[in-house]
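Hi everyone, thanks for coming. Let me put the structure up on the screen, and then I'll walk you through it.

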Amino acid sequence: MSNVAEPIVIGKFGAVHGIKGWLKIHSYTDDAESIFQYKPLLMKYNGVMQEVNITAWKAHSGTFVAKIKSFDVREESQALVGVELLVNVTELPELEDDFYWRDLIGCQVETDKGYHLGVVTDMMETGSKDVLVVKANANDAFGQKQRLIPFIKEQVVLDVNITGKLIIVNWEPDF
């Protein structure tokens, strides 16, 4: 078994733009334009992971459009619509006092009173606050199957221990 982490999704191709094969780019990075700085940028196309060779890009109507090498006409580029853009985890910048969402997945969640709420299975972005999606224990005393806990540091999320895979929250188990 390999210890190499799978590449992570940082965007995807949107609709074709124009007749010369340009595609809209949907960036999931905090600074949307930074998606073009990752090298190599990857895609899984025809079942094979391959490098994306962007020959040109520009801002357009609040998003971006890009020209991909060897996709020169609209019909060729149509095949890329919806294809995810990925980057190797090693290409992500190191964070000093913060962490990536992917680091929270799999963490156990406990209340500050010691009640085990479950494990983080996903994160959601709501616009105002990020939300932990916590799958409750099978024998949860309050009959919960899932909890949505707002990720508000110091008020709700009291401590995050990435190495110990544990998040301590100020949250009532019956809520």
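I'll start with the sheet and then turn to the salt bridges.

First, some housekeeping: this is a predicted model, where local features need pLDDT of at least 70, side-chain atom pairs count only at pLDDT 80 or more, and totals for chains, interfaces and linings use all residues. Residues are numbered from 1 along each chain as its sequence is written, and side-chain values use heavy atoms, with hydrogens and water left out.

Now the sheet. It is open, with seven antiparallel strands in the order β4-β3-β7-β1-β2-β6-β5. Strands here are DSSP runs of E, at least two residues long, numbered from the N terminus, and two of them pair if DSSP finds at least two bridges between them. The edges are β4 (48-51) and β5 (54-60); each has a single partner strand, so one side of each has no neighbour in the sheet. Take β5: six bridges join it to β6, residues 63-68, running antiparallel. Among these pairs, A59 has F64 in β6 as its bridge partner.

On to salt bridges, meaning a side-chain nitrogen of Lys or Arg within 4 Å of a carboxyl oxygen of Asp or Glu. How many does the structure hold? There are five. One of them links K67 and D72, with the closest N and O atoms 3.0 Å apart. K67 is buried at 12% relative accessible area, while D72 is partly exposed at 47%. Buried means under 20%, exposed over 50%, and partly exposed in between, using a 1.4 Å probe and protein chains only.

Finally, D140 and R147 also meet in a salt bridge, at 3.0 Å from N to O, and both are buried.

Notes
Helix = DSSP H or I, 4+ residues; strand = E, 2+ residues; numbered from the N terminus.
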